[in-house]
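Hi,

Here's the structure I promised to pass on.

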Amino acid sequence: MLDEASAGFIATLAESGLPPLHELSPLQARAAGAALVELHGPGPEMLRAEDVDCGRLLVPTERCRGVIVYYHGGGWVTGGLDEFDALGRRLAQRTGCAVVLVDYRLAPEHRYPAAAEDAWTALQWTAANLEEIAGRPVPLIVAGDSAGGCLAAVVAQRSREAGPEIALQVLVYPVTDCDLDRDSYLEPENQLIIGRAAMEWFWDHYAPDRAVRASASPLRAQTLAGLPPAVVLTAEHDVLRDEGEAYARRLAEDGVRVEHRRFGGQMHGFFTLPGLPGSAAALDFVAQAIDGEPSHFDAIVVGAGFSGLYALHRLRGAGLSVRVLEQGDGVGGTWHWNRYPGARCDIESVDYSYSFSEELEQEWEWSERYPAQPEILRYLDHVADRFDLRRDIDLNTRVAQARYDDERAVWHVTTEGGARYTATYCVMACGNLSTPHRPAIEGLDDFEGDWYHTARWPAGGVELAGKRVGVIGTGSTGIQLIPQAAAQAEHVHVFQRTPNFSMPAHNRPLDPDLLRAVKADYRERRRLARESLSGVPSSHPDVLPQRSALEVAPEERARVYEHGWANGGIGGVTLAFNDINVNADANGTAADFVRDKIRAIVRDPATAEALCPTTHPIGTKRICVDTDYYATYNRDNVTLVDVRSAPIVRLTPRGIETASAEYELDVIVFATGFDAITGAVLDIDVRGRDGEPLKKKWSGGPRTYLGVATAGFPNLFLVTGPGSPSVLSNMVLSIEQHVDWIADCIGHLRERGLDTIEATRDAEDAWVAHVNEVAEATLFPRAGSWYMGANIPGKPRVFMPYLGGVGNYRTHCEGVAGNGYEGFSVTAR
Ligand code: N01
């Protein structure tokens with residue numbers, strides 16, 4: 001959503017009655033552009049401001065650490081020295097660089113390549129006069145916005161062979177390609193200041209043949225290798241967004257150091273409009289890149305899912321400067337990525353939602369008992385807008401390294417694109433199920449059909465109708481997807497290695513009366529959830545059964561299980577008695593009950609038997625929750641393939657080959673899960689004190705104190721990390737608890753002038769021992785589950801989540817904080 005200031009600007013513009021640019025003549029458009037820029041008054045005083053051969057020279061009063069050749073925007077048709085004078089001055093003052101504002105010839109009077117030729121001449125002039133301008137040798141920088149960004153990129157490419165040496169290219173929402181059919185051109189909300197029609201109009205004037213050459217469309221260059229380091233700024237609501245980002249990606253792929261930031265809530269033109277707060281932030285970003293200084297924040301948060309969004313809200317509310325770095329191109333975390341058909345939460349929507357804002361609780365209307373992925377993503381998008389979070393989130397930004405600097409007590413965070421940040425606190429909010437696992441099956445490149453991993457499902461969906469589909473994996477994901485795929489595909493082959501226990505969801509629309517009742521009593525509902533075993537009111541100790549499954553008569557036991565089955569959901573059977581998770585015999589009664597259900601639903605006895613789990617106690621691998629999963633095997637177009645007895649050997653051009661047959665397929669779906677709990681954090685090169693890699697520290701399995709911190713890594717916080725209830729709880733509730741605890745902890749440090757906090761080894765050892773002890777007292781370690789890391793070859797087998805229950809865990813965490821952060825050491829420098 002557009003930020004408030006920009007929206008205000010757009011409203012004023014609309015009131016002025018100015019027709020769209022492309023309905024004007026070039027002369028009228030130039031006059032309109034000039035009037036717009038005049039709104040903002042003159043820029044700061046300069047030591048020198050004089051017109052030179054190629055444009056205007058602006059030298060700041062204080063220091064001159066470089067010279068920027070600046071190419072203004074305006075679609076090669078509008079703009080000029082006077083219109084961009086104020087921006088040039090602000091840029092000079094903020095960066096401490098002299099600015100040469102280039103006066104290039106405009107179209108349509110002078111079409112392509114006149115502007116590019118003038119841009120080149122100006123670069124040569126500046127290089128020749130560099131020392132005279134700065135009084136000493138200084139770096140030469142090229143910069144430009146919009147069409148001027150195009151010219152900056154073009155001269156940077158041309159100088160690669162011919163010189164002069166350019167130290168940095170700064171591309172502000174640059175035009176990089178003449179393809180006007182990218183998504184950002186088509187999104188209605190981007191048609192601000194300039195829209196697709198205006199860009200067509202510009203191209204028609206500048207290069208009517210669309211000049212598909214790199215000297216007009218720099219993205220078309222064969223390679224970008226060897227170009228100067230780049231800073232690329234894009235705006236969320238800009239038709240030019242995608243081509244700017246494509247250029248940033250190409251630069252990075254071709255080995256150029258590039259720092260890209262998408263400015264959330266901003267529109268095309270924001271950089272040149274000093275009245276907008278985004279403009280100052282963008283100027284800061286450019287200045288820091290020129291300085292070579294990383295941007296500093298009080299806290300860097302990695303990830304913009306449920307955790308990252310709330311961490312941003314909470315920490316920013318406490319007065320910290322915060323930047324969220326998110327690898328995806330939208331917020332939502334796991335709900336952004338897992339868009340496969342049937343993706344749905346198995347915690348009830350009224351519980352799987354934030355509790356931090358009563359207004360949010362009251363205004364959001366969930367439509368179903370179990371929310372589907374699109375609805376959850378809408379909710380998170382709403383939260384991002386409602387709490388104005390986007391302006392502090394960098395999307396498409398994957399963190400590569402986080403390194404602790406003992407001397408300065410800061411974290412250095414570097415992204416894959418080369419952007420650098422420093423932060424006092426580093427909050428890992430990168431999720432428990434974020435790193436997809438795709439087994440290394442030979443022959444993937446040979447397969448001539450399409451393949452997808454469910455956790456990287458294309459946003460536009462996948463056409464399964466009439467296709468022969470193979471699904472590998474029968475965990476929660478596969479079990480949700482298979483019935484949906486079967487309803488569309490010509491045929492579905494399910495490649496099952498291990499059957500899982502699944503409970504019916506009995507999903508349904510939420511009754512408005514029920515929703516009203518929940519809202520009227522939300523505080524109490526949340527209290528019960530917080531004190532409960534797994535973070536939902538139905539697992540509160542006061543309502544959990546106190547009886548053993550073995551102490552009741554078989555008829556009574558059957559009645560209780562039937563009731564649980566009829567209710568459905570994750571705990572319907574496993575929470576029906578108090579010993580299902582701890583006593584193998586009790587567990588066996590529940591497992592038998594579900595196996596009998598499978599046999600009753602699935603008509604073919606051999607298929608039913610193959611679907612009955614026998615290798616693990618019920619509940620020790622994540623119980624699945626489904627809609628019509630077992631019944632789907634009664635369809636003619638669904639075949640279960642047992643790949644335990646005849647394993648998958650390889651993919652062939654035509655499909656999947658197992659030890660006993662080849663299956664011809666058009667589409668293969670990998671529903672093969674995640675490198676869970678530790679995968680996302682360890683994907684980042686995290687280094688603590690003395691450069692110790694987290695990967696090394698955790699080589700025998702993760703070690704944390706409370707799942708929130710790890711010794712040797714000061715001021716690093718893990719949201720729902722290993723050793724906390726995490727995946728064995730309602731994640732949203734656990735996330736809120738952790739983020740609140742972290743925010744309070746940081747508040748405690750700041751109030752007392754303390755600089756660092758770090759878990760002690762003793763406290764960590766004791767906590768790890770406790771987590772193991774609790775797990776050992778249950779049946780959970782008996783299953784080769786992803787809770788144990790057993791699904792990833794070579795991963796240490798350690799039970800990672802904390803099984804003590806969220807209520808107890810919360811009390812323990814509060815006790816630690818109440819006792820002055822017992823088990824942590826703090827320092828003041
Ligand atoms: O992943 P999984 P998931 N050949 O690891 C099979 C949450 N979630 O994405 O068991 C053949 O559970 C593997 O077989 P096996 C929820 O917490 C929640 O389904 O290793 N098969 C298994 O069947 C869940 O637990 C929701 O023998 C191979 C499957 O792939 C977690 O995410 C919805 C194989 C992986 O199952 C992960 O679920 C979805 C191979 N080489 C997910 N490699 C809800 O809220 C792997 N498999 C409802």
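Predicted model: local features only at pLDDT ≥ 70, side-chain atom pairs only at ≥ 80, totals over all residues.

Residues are numbered from 1 along each chain as its sequence is written, and side-chain values use heavy atoms, with hydrogens and water left out.

Back to helix 8. Its 13 residues reach 18 Å from first C-alpha to last, close to the 18 Å expected at 1.5 Å a residue (the expected span being 1.5 Å times one less than the number of residues). Ten of those 13 residues are buried, so helix 8 is largely enclosed by the rest of the structure. Buried here means under 20% relative accessible area, with a 1.4 Å probe and protein chains only. Among the buried ones are R241, D242, E243 and R250, along with Y247 and L251. They pack against helix 5, strand 6, helix 6 (183–186), strand 7 (230–237) and strand 8 (258–267), where contact is heavy atoms within 4.5 Å.

Helix 5 (residues 147–162) is mostly covered too, with twelve of its 16 residues buried. It spans 23 Å between its end C-alphas, close to the expected 22 Å. The cover over its buried residues includes helix 8 (241–253), helix 4 (114–134), helix 7 (196–206) and strand 3 (67–71). G163 follows helix 5, and its phi is positive as well, near 70°.

Now the ligand. It is surrounded by 23 residues, the closest being T474, T477, Q480, R497 and T498 (a residue counts if one of its heavy atoms lies within 4 Å). Helix 14 (residues 476–488) gives the most to this shell, with three residues.

Some polar contacts to check (pairs of N or O atoms within 3.5 Å):
- T477: a side-chain N or O atom is 2.6 Å from a ligand oxygen.
- R497: a polar side-chain atom lies 2.8 Å from a ligand oxygen.
- S476: a polar backbone atom is 3.0 Å from a ligand oxygen.

On its own the ligand has 910 Å² of accessible area, and the protein covers 88% of that (Shrake-Rupley method, 1.4 Å probe).

Cheers

Terms used. Helix = DSSP H or I, 4+ residues; strand = E, 2+ residues; numbered from the N terminus. Buried < 20%, exposed > 50% of the residue type's maximum accessible area, 1.4 Å probe, protein only. Polar contact = N/O pair within 3.5 Å; in protein donor to acceptor, adjacent residues only side chain to side chain.
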